[in-house]
Amino acid sequence: MTGPLAGTTVLDFSRVLAGPLATQILAELGAAVIKVERPRAGDETRAFEPRLPQGESAYFFAFNRGKRSVTLDLKDPRGQDVARRLAAGADIVVENFLPGAMDRLGLGYADLSAGNPGLVYVSATGFGQSGPDRTRKGYDTVFQALSGVMAMTGEPAGPPSKTGIPVADMTSGLWVVIAALSGLAGRAATGRGRHFDVSMMDVQLSLHALNAARLFALDEDPVRTGTQHPGRVPSAAFQAGDGEWLHISGSDQHWAPLCEVLGLDDLAADSSLRDNSGRVEQRARVLKAMRGAIARYDRDVLVKELRAADVPVGAVRSVREALADPHAVARGVVGEFTHPAEGPFPALRTPLRETTGEPLDLGVPPVLGADTEDVLAGRAGLTAAEIEALRAAGVI
């Protein structure tokens, strides 16, 4: 199926996770993505664990499908010249160097947009293009710590914890996509591109929308609540009698049927608990009673009964269980591509699809530098002799 971004060209200077996730999404939406990598080494995630039998990295595979790999030494003026030629024909540039680095290479927005006024240029950095921390480096868990996300994660009596996924990287990657698509939409109206500044720190702070609302409304600095919701009861994970866990999250309309299933007649009859505000006020009493009742059930039996009563509930699953769920299978969440070195390999699909169409095709992660000659000849206009000279000089 042809993606909606067919005909769009992305020049990708990003590395590791946030930028590559964004450009992978653009690739699987149909864009032609040219990934510029260092000669011989490439994106450092090519060496990250877990490694596959032929030495390729499953980490790299997760965020680099559907791209073409070009090796180019951007520290060499000849490499910079080739990059400018490629940018002249690009619609979008994505880069995640520290602020000022691309300018020093002659590859910043001002340089590239001078020859390509319609260029949409996205700079994805840790702390943004301005501010006292602009040149500070960081990684996903550092941003979780600095932003307050880590302080909000974990059980109340336990230490702060990172999230189970690289949330800072992955949410920032989504904002890079939003920036790129917004730029294309704006260009369609004005004919001109623009430069977007995506800060991973800004993105993490934006995730505190509800926490900040509580801070602004009550002057209350939110604290860790484990699986409990600070403003809704019941909303928490509970352990069933067979040792398995489930999560229940209900509103006022679910309270009576929940009590009926669990046999909590005393709570159901208490008028002070019919509204959420009353249950929040008596949180400890409600949760204690629910824990006792739920401990009498096997998890899957109780989940079935609660679903039949239209109470929002979900089993707490492992990753393996979640991906093997019949609904996930029916939706085609897990696909497969065939890599030239590693052969068939499973992958999670980009979660966008048209209602009338099949899921988006899975791209194949590129072998390092596999497309260098073809891209430099076809898109940068280099002759075979010029390409060979660059190769001999170690520029590609």
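Accessible areas here come from the Shrake-Rupley method with a 1.4 Å probe, and for residues only the protein chains shown count as cover. On that basis the chain exposes about 19700 Å², and carbon and sulfur atoms supply 55% of it.

This is a predicted model, in which local features need pLDDT of at least 70, side-chain atom pairs count only at pLDDT 80 or more, and totals for chains, interfaces and linings use all residues. Residues are numbered from 1 along each chain as its sequence is written, and side-chain values use heavy atoms, with hydrogens and water left out.

## The whole chain

The C-alpha trace spans about 85 × 45 × 40 Å along its principal axes. The chain has 18 helices and 11 strands. Helices (H or I, at least four residues) and strands (E, at least two) are DSSP runs, numbered from the N terminus.

How much of the chain is buried? Of the 396 residues, 46% are buried. Buried means under 20% relative accessible area, exposed means over 50%, and partly exposed lies in between (1.4 Å probe, protein chains only).

A contact means heavy atoms within 4.5 Å. Among contacts with a separation of 6 or more, 67% are between residues 24 or more positions apart.

The chain carries 41 positive and 48 negative charges, and their mean positions are 2 Å apart. Lys and Arg count as positive, Asp and Glu as negative; His and the chain ends are not counted. Each charge is placed at NZ of Lys, CZ of Arg, CG of Asp or CD of Glu.

## The largest pocket

Rolling a probe the size of a water molecule over the atoms shows where empty space is left. The search uses a 1 Å grid over the protein atoms alone; a pocket is an open set of points where a 1.4 Å probe fits, with protein on both sides within 12 Å along at least five of seven lines. Lining residues have an atom within 4 Å of a point. Grid points are joined across faces, edges and corners, and a volume is the space filled by probe spheres set on the points.

The largest pocket has a volume of about 940 Å³. It is lined by 33 residues, and those closest to its centre are Leu 21, Ala 62, Phe 63, Met 170 and Leu 348. Elements giving two or more residues to this lining are α1 (18-28), α2 (58-63), α7 (167-190), β10 (334-339) and β11 (343-348). Which element gives the most? Helix α7 does, with six residues.

## Backbone exceptions

Most residues other than glycine have a negative phi, and most peptide bonds are trans.

| Residue | Backbone value | Location |
|---|---|---|
| Pro 50 | cis bond with Glu 49, omega about 0° | loop between β2 (32-37) and α2 |
| Pro 234 | cis bond with Val 233, omega about 5° | loop between α9 (209-218) and β7 (235-239) |

Asp 219 is exposed, because its relative accessible area is 68%.

## Helices and selected residues

Helix α10 (residues 252-262) has several buried residues: His 254, Trp 255, Pro 257, Leu 258, Cys 259, Val 261 and Leu 262. They pack against β8 (245-249), α11 (265-269), α12 (276-281), α13 (283-294) and α14. Just after α10 comes Gly 263, with a positive phi of about 70°.

Gln 204 sits in helix α8 (residues 200-206). Its relative accessibility is 0%, so Gln 204 counts as buried. What does Gln 204 contact, beyond its neighbours within four places in sequence? The partners are Phe 143, Ser 147, Val 149, Val 167, Ala 168, Thr 171 and Ser 172.

Val 301 belongs to helix α14 (residues 299-308). With a relative accessible area of 42%, Val 301 is partly exposed. Val 301 and Ala 240 are 61 residues apart along the chain, and their C-alpha atoms are separated by 9.8 Å.

Asp 133 lies in the loop between β5 (120-125) and α6 (140-147). Asp 133 is partly exposed, at 32% relative accessible area. From Asp 133 to Leu 306, 173 residues apart along the chain, the C-alpha separation is 49 Å.
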